[in-house]
Structures are given as C-alpha cells and as structure tokens.
Amino acid sequence: MTVYKALTIAGSDSGGGAGIQADLKTFQELGVFGTSAITALTSQNTLGVQAVFPIPPQTVGSQIDSVLSDIGADAIKTGMLFSAEIITLVAGKLRQYGPLPLVVDPVMIAKGGAALLQAEAVEALRRELLPLATVLTPNVPEASAILGEPEIRSVEEAVEAAKRLFAYGPRYIFLKGGHMDGDEAVDVLYDGTEVRLYRSPRFRTKHTHGTGCTTASAIAAGLAKRLPVPEAVAEAKRFITAAIGSGLEIGGGIGPTNHAAWRAERS
Ligand SMILES: Nc1ncnc2c1ncn2[C@@H]1O[C@H](COP(=O)(O)OP(=O)(O)OP(=O)(O)O)[C@@H](O)[C@H]1O
Ligand SMILES: Cc1ncc(COP(=O)(O)O)c(N)n1
C-alpha cells in the first residue's frame, strides 16, 4: 500500500481548530500520513489568542531535519511562521530538501486580531518563501498586505490581485474569498495563464475558526496524493465547504469547522 505523507510547518493552536491541529486532522481525513514541525505555541481558544510563544529557529530546523531525513514528505504546508528568522530558517530547509510540492499559507492575523506574523517579517515572506511555493493561499487581507495595496472588494479585484501576486514566484495563486461579501464564497486560482473560479454557497455561520489552515492543508494532502493543483484545490474546496457547513458550537466564541463532515457526507 502506498502511504502518502505530508509535513505541516505551523503554529500550535491549543484550541484545536486551527494551526498544526487542524492540519493533522485534515491530513488524516484525506488519507495522508501527517507529520509536523511546530514554529510557535499559542494559548488559544474560541475567544481568541491569549499568548504566543515562538519556538527558537534552530528547534524548528531540528524538527524538520528529523522528519525529512527519515520519513520524508510528498508535500509540505507552511502556516504561522511568526518571525523573519523562522521564515529564513524554513526557506533554507525547504531548499536543502527540495524541491517538493509546497503550499504556503501566509498566516498573518488571527480572526480575533492577534498578530501571528511580525509586521517586519512580510518582506522575508515575499523574498524567501514565495519563490519556493507551488501554491500560495492568501485570504483577502493577506493578499493586500503582500502586495502593499488597499482592500480587495470583488471577485474582479481578486483576479487582478492574483495576477500581481503571481509575479512573486508561486506556480499557482489561490486567493480565498471568505472575507468578501455575497451569497457565494468565491475563490480564485491563477497559474500565470488561466483563471479558475471555485464557488460554494456562503454559510451564515460564525464558526469559521481555522478555515484557512484547513483549506491549505487539504490542498497539500491532494498534492501529496499527486493530484494536479486544480483538482487538489477542487477537493479542498469540497472539504472546507462540508466542514464549515457543519461547524462546531464549542466554547463561547468562534467555533472550529468540523473536519469529519466530508467523510460523513461521503459514507
Ligand atoms: N461563510 C462561509 N461559507 C462558505 N465558505 C466559506 C465561508 N467563509 C470562508 N469560506 C471558504 O473557506 C475557505 C477559506 O477561506 P477564508 O477566506 O476564510 O480563509 P482565511 O481567512 O485564511 O481563514 P482564516 O480566517 O482561518 O485565516 C475558502 O474556500 C472560502 O471561500
Ligand atoms: C496557530 C494558528 N495558526 C493559524 C491561525 C489562523 O486561523 P484563524 O484565522 O481561523 O484564527 C490561528 N488562529 N492559529
């Protein structure tokens, strides 16, 4: 039996809805063996982020070495990287062990407003990591921050932003439309030539904690299984739509999505 493997390099969410925890649950649900390198510990729940404890860069590197020198990975996903130092370290390791299919989720700010990436690290992200990415998965505010441009308000503006982001070097841009208005949640995939749109009904729910992490790790799972990028994205869109559609009322704030919903729908 072929065992597909994916590595997530991201922050830990003690609340279990985002970060490493969301990534590993997603890998498991999609039939991929998940491994991890933790970049930061967060004390976090549905009410927000109470504290962030970054991991020393050499300790992040040590985890990546342990995984990639033995188990290996068919795809890698990066999430919360917190600092320019960690970004530089991770990019160096990716170059050392690569090239491997790589999904870069440029996590910057948690839903509650806490900074998960230091402001001065955006330039390191642009310079070091984006050229290595197979797929870059910004949400609307992250796309604006990388481009240094004002807010994106429509699908048309998202398409134009995706084209400009492509110049930073990723092979695909997947610009997520969760933060825009409208009856549909529309995401844009751009590969330098073709624009593809991925649509779903927009659920009127507040339980969307971890949607970005879950989407990016679902794409990485698809790449690990050797799916072409547009198919990996289509599967991820189905996965996250099911997960949001049956989001969990846990805690007093923004609850997590239901990672098991996709499997339940299919059985
Ligand atoms: N209310 C919703 N209903 C349906 N789909 C949604 C909804 N909100 C987000 N999505 C979808 O979820 C996926 C993640 O998009 P989103 O823009 O929320 O990412 P994100 O902002 O990075 O997530 P996070 O807030 O966890 O960082 C996209 O496919 C998006 O279209
Ligand atoms: C460790 C970690 N990584 C990423 C997110 C973003 O997820 P969200 O925007 O849904 O809070 C998070 N909250 N925590």
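Biologist: A crossing is left-handed if the near helix is turned anticlockwise from the far one by less than a right angle, and right-handed if clockwise. Which hand does the crossing of H2 and H3 have?

Modeller: This is a predicted model, where local features need pLDDT of at least 70, side-chain atom pairs count only at pLDDT 80 or more, and totals for chains, interfaces and linings use all residues. Residues are numbered from 1 along each chain as its sequence is written, with chains lettered from A and ligands numbered from 1 in the order written. Helices (H or I, at least four residues) and strands (E, at least two) are DSSP runs, numbered from the N terminus. The crossing of H2 and H3 is right-handed.

Biologist: How is H2 oriented to H3?

Modeller: The axes of H2 (residues 57-68) and H3 (residues 84-97), lines fitted to C-alpha atoms over the stretch in contact, with angles from 0 to 180 degrees between N-to-C directions, come within 9 Å and cross at roughly 20 degrees. Because angles under 35 degrees count as roughly parallel, H2 and H3 are roughly parallel.

Biologist: How many residues of the contact of H2 with H3 are nonpolar?

Modeller: Residues including Val60 and Ile64 in H2 meet residues including Leu89 and Val90 in H3 (C-beta atoms, placed from the backbone, within 7 Å). Ala, Val, Leu, Ile, Met, Phe, Trp, Tyr, Cys and Pro count as nonpolar, Asp, Glu, Lys and Arg as charged, the others as polar. Beside 1 polar and 2 charged, the nonpolar count is 8.

Biologist: How many residues of the shell around ligand 2 are polar?

Modeller: Around ligand 2 stand 18 residues, the closest including Gly11 and Met80 (C-beta atom, placed from the backbone, within 6 Å). With 7 nonpolar and 2 charged, the polar count is 9.

How values were computed: Parallel < 35°, antiparallel > 145°, perpendicular 65-115°, else oblique. Contact = placed C-beta atoms within 7 Å.
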